[in-house]
Amino acid sequence: MTVDPPAGHRKARRGTDSGAAVTPRPHPRPSREDLAAAVDKTLPDVICAGLDVLFVGINPGLWSAATGWHFARPGNRFWPALHRSGFTPRLLHPSEQDGLPELGLGITNIVARASARADELTAAELVAGARELTGKVARYRPRWVAVVGVTAYRVGFARPKATFGRQPEPLAGAQLWVLPNPSGLNAHYTPETLAAAFAALREATGRQPAGG
């Protein structure tokens with residue numbers, strides 16, 4: 001979802017509920033037919049001007065495209081890592097994504113179209129997506145951009161030797177950081193080490209732990 005800058009969003013971020021429990025509404029699982037129909041669909045960004053951090057996925061998975069929620073597939077560790085690293089005051093359900101701009105956070109993707117696996121994307125798609133992302137960052141001017149997936153970053157931005165963490169060059173004026181892919185298929189990172197990687201980014205941005 002693309003939204004206008006929330007009034008006083010910096011203040012709202014500092015004053016956000018520090019962790020009150022919220023009773024989630026039931027969320028039906030997409031059917032096999034829903035997932036099949038989600039191939040090549042696109043997912044609106046969660047974005048506004050002047051964010052602290054714009055998180056950038058590789059592309060939407062079928063579960064996300066079917067539900068309309070970023071990082072929605074059960075087993076994806078984006079939302080737990082976001083909370084455990086101190087970006088959010090409590091664990092958010094993907095359906096709560098539209099509240100992220102009030103926390104100074106947003107989500108977009110390098111490639112807009114959904115696929116079952118990120119490795120179905122072509123190099124040309126990643127390069128074109130990187131160009132589009134650069135224009136988006138120039139338009140919305142987040143302070144930091146965090147790409148979640150080093151392989152996609154290397155291909156899309158022609159940085160074959162890039163590593164995790166802060167990158168030496170900014171992106172359209174924003175500081176640039178590369179995070180591990182939070183997919184449950186990424187066996188190189190445990191929930192603990194993934195949260196630590198996200199926390200390193202939070203510390204670099206100068207944000208205090210949410211609710212702390």
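This note covers one glutamine site and several salt bridges in a predicted model.

1. Ground rules. The model is predicted: local features need pLDDT of at least 70, side-chain atom pairs count only at pLDDT 80 or more, and totals for chains, interfaces and linings use all residues. Residues are numbered from 1 along each chain as its sequence is written, and side-chain values use heavy atoms, without hydrogens or water.

2. Gln97. This residue sits in the loop between helix H4 (78-84) and strand S2 (105-109); helices (H or I, at least four residues) and strands (E, at least two) are DSSP runs, numbered from the N terminus. Gln97 is buried at 5% relative accessible area (buried is under 20%, exposed over 50%, partly exposed in between; 1.4 Å probe, protein chains only). A polar atom of the Gln97 side chain lies 2.8 Å from the backbone nitrogen of His70. Leaving aside neighbours within four places in sequence, Gln97 is in contact (heavy atoms within 4.5 Å) with Val46, Gly68, Trp69, His70 and Trp79.

3. Arg84 and Glu192. The whole structure holds 10 salt bridges (a side-chain nitrogen of Lys or Arg within 4 Å of a carboxyl oxygen of Asp or Glu). One of them joins Arg84 to Glu192, closest N and O atoms 3.8 Å apart. Arg84 is in helix H4 and Glu192 in helix H7 (residues 191-205), so the pair ties together parts 108 residues apart in sequence. Arg84 is partly exposed at 49%, and Glu192 is partly exposed at 48%.

4. Arg113 and Glu125. Their closest N and O atoms are 2.6 Å apart in a salt bridge. Asp40, Arg113 and Glu125 are linked in a salt-bridge network.

Conventions:
A polar contact is a pair of N or O atoms within 3.5 Å; within protein, one must be able to donate a hydrogen and the other to accept it, and residues adjacent in sequence count only if both atoms are side-chain atoms.
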